[in-house]
Amino acid sequence: MAGKAVLITGASRGIGLAVAERLAQDGYDLALVARDEARLRAAAASLAGKVRIETWVCDVADAATVDGVVAAANEAFGGIYGLVNNAGVTADGLILRMSVENWRRVIDVNLTGTFNFTRAVAPLMMRQRQGRIVNISSVIGLAGNAGQANYAASKAGVIALTKSVAKELGGRQVTVNAIAPGFVTTDMTAGLGDQTKADMLRAIPLKRFGEGRDIAGVVAFLLSPDAAWLTGQTVVCDGGMTM
Ligand code: NAP
């Protein structure tokens, strides 16, 4: 994969950092994006030495900044082969009490952020006549979840966005796929109560929570030559929880 650059959003920790670690092992050059500069620098430092790594501090919800980051990364690497739209947030609450602000923020980051980066890379991937876009959705986007109407809607939107863009870009050999992870141990899930975690574990046939590397392996496959004829799909990676 030498000489191929992949841009990963939300790469400073959790699943995004695990994806960066795996793709660095596979030999890709990496453009890492997150909001918090200190965490992003620490992530880049932890990967240093293996491949070329550049970082950009960026709120994925800010379209103008996203356009600038993609232009700069394209310039720096001489092309962008892959995009992993991974940045995401939660702001849980039952619908009766969900503020408009919490609705908007989750949609803005998870769905509009994915749109912003996809729109920015699309023309250059079309010109290259190759490219891979991998969007991190969630099983919650397929099944829904009480207390997560905003998050579920954003992740279902990501799946519909994935299919639509796959149809638009397929003629230029750009594939667009989604991954729907189940419960993965990261900061995002750290706050869940012990009872909730125990209930979830009972519902997972493979009897363990996911790790970032479980999702990273699927990302690596979707970026690889083996996935050349696969587009518009949502790969559920959840230990069997939602089959
Ligand atoms: P996490 O540990 O909370 O990490 C989130 C990452 O996204 C961080 O790098 C964070 O950067 C970045 N980020 C958040 N808002 C951003 C913004 N506005 N602009 C740029 N970067 C932003 O979360 P995670 O569990 O790894 O989740 C990664 C993705 O997987 C998310 O899309 C999530 O919805 C999805 N997912 C997670 C699970 C799970 O069980 N963990 C399950 C299904 C799907 P900063 O450090 O700068 O804040």
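**Exercise 1.** In which loop does Arg129 lie? State also whether Arg129 is buried or exposed, and describe its phi.

*Solution.* The model is predicted: local features need pLDDT of at least 70, side-chain atom pairs count only at pLDDT 80 or more, and totals for chains, interfaces and linings use all residues. Residues are numbered from 1 along each chain as its sequence is written, and side-chain values use heavy atoms, with hydrogens and water left out.

Step 1. Arg129 lies in the loop between α4 (100–128) and β5. Helices (H or I, at least four residues) and strands (E, at least two) are DSSP runs, numbered from the N terminus.

Step 2. The relative accessibility of Arg129 is 51%, so Arg129 counts as exposed. The classes are buried under 20% relative accessible area, exposed over 50%, and partly exposed in between (1.4 Å probe, protein chains only).

Step 3. Most residues other than glycine have a negative phi. The phi of Arg129 is near 55 degrees, a positive value.

**Exercise 2.** Find where Lys207 is placed, and give its phi and its exposure.

*Solution.* Step 1. The loop between α8 (194–202) and α9 (212–223) holds Lys207.

Step 1. Lys207 is not a glycine, yet its phi is positive, about 55 degrees.

Step 2. With a relative accessible area of 53%, Lys207 is exposed.

**Exercise 3.** Describe the surroundings of Ser138.

*Solution.* Step 1. Ser138 sits in the loop between β5 (131–136) and α5 (139–143).

Step 1. Its relative accessible area is 5%, so Ser138 is buried.

Step 2. Leaving aside neighbours within four places in sequence, Ser138 is in contact (heavy atoms within 4.5 Å) with Tyr151, Lys155, Ile179, Ala180 and Pro181.

Step 3. A polar atom of the Ser138 side chain lies 3.0 Å from the backbone nitrogen of Ile140.

**Exercise 4.** Summarise the whole chain: how many helices and strands does it have, and what share of its residues is buried?

*Solution.* Step 1. The protein chain has nine helices and seven strands.

Step 1. Of its 243 residues, 49% are buried.

Note on methods
A polar contact is a pair of N or O atoms within 3.5 Å; within protein, one must be able to donate a hydrogen and the other to accept it, and residues adjacent in sequence count only if both atoms are side-chain atoms.
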